[in-house]
Amino acid sequence: MTGQGQGQGQSKKLIGHSRRSTHPLVWCVAILCTIISIAVIIVGIVIFIGYLVIHPRVPVISVVNANLDTILYDHAGIMETQITIVVRLKNGNEKAHSSVSETKFRLLFDGLPIAILRADPFDVRKNSSIDFNYVVQSNPIPLDPEQQEIVSWALKQDHISFDLKGSARTRWRVGILGSVRFWCHLNCMLHFHPSNGTWIPSRCSSKAK
């Protein structure tokens, strides 16, 4: 009976375990992470809705008119030319002004630089455009034999081409979306009739990057 009593006594022994309480700092970190996550989601939703409402568009640079004012070429292989080029920057955003800077274009003939076209920083109001009237006059350009043949053939065919390459940096502020920046790159050929200087219209518009 004594042995049974001891067994019963042992079976009634209880082992207590104390529960560990979560450190307040852990709760603070968890709450802070939750608040940040919610804030990020809200900001993302607001930006998305703002983009849908404002729908920002990249400004476009294009050549809208041109004229070959003068082209002189002699038997010594020297060419001189003057070209008028009208470059337009269009800001198609209805709710944002656009700022343009670092505008620079190069006019070339068969890889030979003829002139550099520049513009000081300027602003374009929302949903409007600005035209720049460039009058490009070259210095006497010595041509190598191959280039002389190109000019002679162009004059006979009444069709001569020049390259226009360059870029401009555009920036505009779109409400809560903040400031948006793009480079607009222009790379195209300008075709003319040397007999009367008229421009042969062709697509010459910028691409954004």
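Which residues form a disulfide, and how far apart are their sulfur atoms?

## The disulfide

C188 and C204 form the disulfide, with their sulfur atoms 1.8 Å apart, where the term stands for a pair of cysteine sulfur atoms within 2.5 Å. Because C188 lies in strand β9 (residues 179–192) and C204 in the loop between β10 (199–200) and β11 (207–208), the pair ties together parts that are 16 residues apart in sequence. A search of the whole structure finds one disulfide.

C188 is buried, at a relative accessible area of 9%, and C204 is buried too, at 3%, whereas C33 is partly exposed, at 44%. Here buried means under 20% relative accessible area, exposed over 50%, and partly exposed in between, with a 1.4 Å probe and protein chains only.

## Basis of the model

This is a predicted model, in which local features need pLDDT of at least 70 and side-chain atom pairs count only at pLDDT 80 or more, while totals for chains, interfaces and linings use all residues. Residues are numbered from 1 along each chain as its sequence is written, and side-chain values use heavy atoms, with hydrogens and water left out.

## The chain as a whole

The protein chain contains three helices and eleven strands, which are DSSP runs numbered from the N terminus (helices: H or I, at least four residues; strands: E, at least two). Read from the N terminus, the order of these elements is α-α-β-β-β-β-β-β-β-α-β-β-β-β.

Of the 209 residues in the protein chain, 31% are buried. Among contacts (heavy atoms within 4.5 Å) between residues at least 6 apart in sequence, 68% join residues at least 24 apart.
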